[in-house]
Amino acid sequence: MSSFDLKNETEVKEYIDKLGVEYRFGCYSEKKPEVCHLLGDYLEGIRKDFEKAAKVYRSNCDDYNYGKSCLKYGNYTFLGKGRASEKGDPAKAFSYYEKGCKLNDPDACLHSGLLLVSKLMPKEITRDVPKGFELLQKSCDMNNAGACFYLSGMYISGVLKEEHQQAAKKADTPTSEPKAPEQQRPPGAYVVERNMEKAFEFAYKACELRNMYACANLSQMYAKGDGTPRDEKKAEKYKKLALEMQDEVKKQQQLTFQQGLNPS
């Protein structure tokens, strides 16, 4: 790699071509799943050949049980990327996310969990909050910050069972009687009971894993004493941390934008 001058256009092209050869050899001849995944990334990111990339990811998931490739093919399938019809297939995507999760890919667990708990997902997916919760829990256990943050949110608001959600919607109509207080809901009305202590635990872990929104929530919890003793110093500490992360994101977005500008 050091023998290439990456400022020289000809040498860069030669390096990229050689990289493709190495990845193909490692995948097709040596049958190394991690190299097959790199080949998929190469076809996607450098060659922009999404159809071939999709085939590599799918084969690497199906044949070699490589979790990251299951996740990638799930993404492609959900969006319809790398397919002639360009039409997504959420149910098929879920099957690949679920397989990736079984192979211990934390992002695959996150995606499959979100598909099952969200109210806004396609009709092809049957909502299953308990199973989705388990998948998100597994993802969080593997230190996925997004999953920990989402679990925290579920504990903050609680998740009603479907029949009670419908009743709550009716109670929100202008002609309905005043809605019953939260504490008057019958036992077992929730799939996930509201629990601020648990919400705090998951928000804390997500913040430690550098989830900006979790740090902001953590600041509010310390400020109000929700799920944890009130502590103004810690509230300010996590507010500052969240704002620092926000600045980092803005700087990164600016850098990415500037990299796409043509020199004048």
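## Terms and model

A residue is called buried when its relative accessible area is under 20%, exposed when that area is over 50%, and partly exposed in between. The model described here is predicted, and residues are discussed below with these classes in mind.

The structure holds 9 salt bridges. One of them joins the side chains of Glu44 and Lys72, with a distance of 3.0 Å from N to O. Glu44 belongs to helix H2 (residues 33-45) and Lys72 to helix H4 (residues 67-79), so this pair ties together parts that are 28 residues apart in sequence. Both Glu44 and Lys72 are buried.

## Partly exposed salt bridges

Within helix H3 (residues 50-64), Asp62 and Arg58 stand 4 residues apart, about one turn of the helix, and they form a salt bridge in which the closest N and O atoms are 3.5 Å apart. Asp62 has a relative accessibility of 33% and therefore counts as partly exposed, and Arg58, at 35%, also counts as partly exposed.

Another salt bridge is made by the side chains of Glu248 and Arg210, at 3.2 Å from N to O. This pair links distant parts of the chain, since Glu248 lies in helix H12 (residues 232-259) whereas Arg210 lies in the loop between helix H10 (196-208) and helix H11 (212-224), 38 residues apart. Glu248 is partly exposed, with a relative accessible area of 45%. Which class does Arg210 fall into, buried, partly exposed or exposed? At 48% relative accessibility, Arg210 counts as partly exposed, because that class covers what lies between under 20% and over 50%.

Salt bridges with shared partners also join Lys13, Asp17 and Arg47 into one network.

## Positive phi angles in two loops

Most residues other than glycine have a negative phi. Lys31, which is not a glycine, has a positive phi near 55°; Lys31 is found in the loop between helix H1 (9-29) and H2, and at 48% relative accessibility Lys31 counts as partly exposed.

Asn104, although not a glycine, likewise has a positive phi, of about 70°. The loop that holds Asn104 runs between helix H5 (90-102) and helix H6 (106-117), and Asn104 counts as partly exposed at 47% relative accessibility.

Notes. Residues numbered from 1 in each chain as written. Predicted model: local features only at pLDDT ≥ 70, side-chain atom pairs only at ≥ 80, totals over all residues. Heavy atoms only, no water. Salt bridge = Lys/Arg side-chain N within 4 Å of Asp/Glu carboxyl O. Buried < 20%, exposed > 50% of the residue type's maximum accessible area, 1.4 Å probe, protein only.
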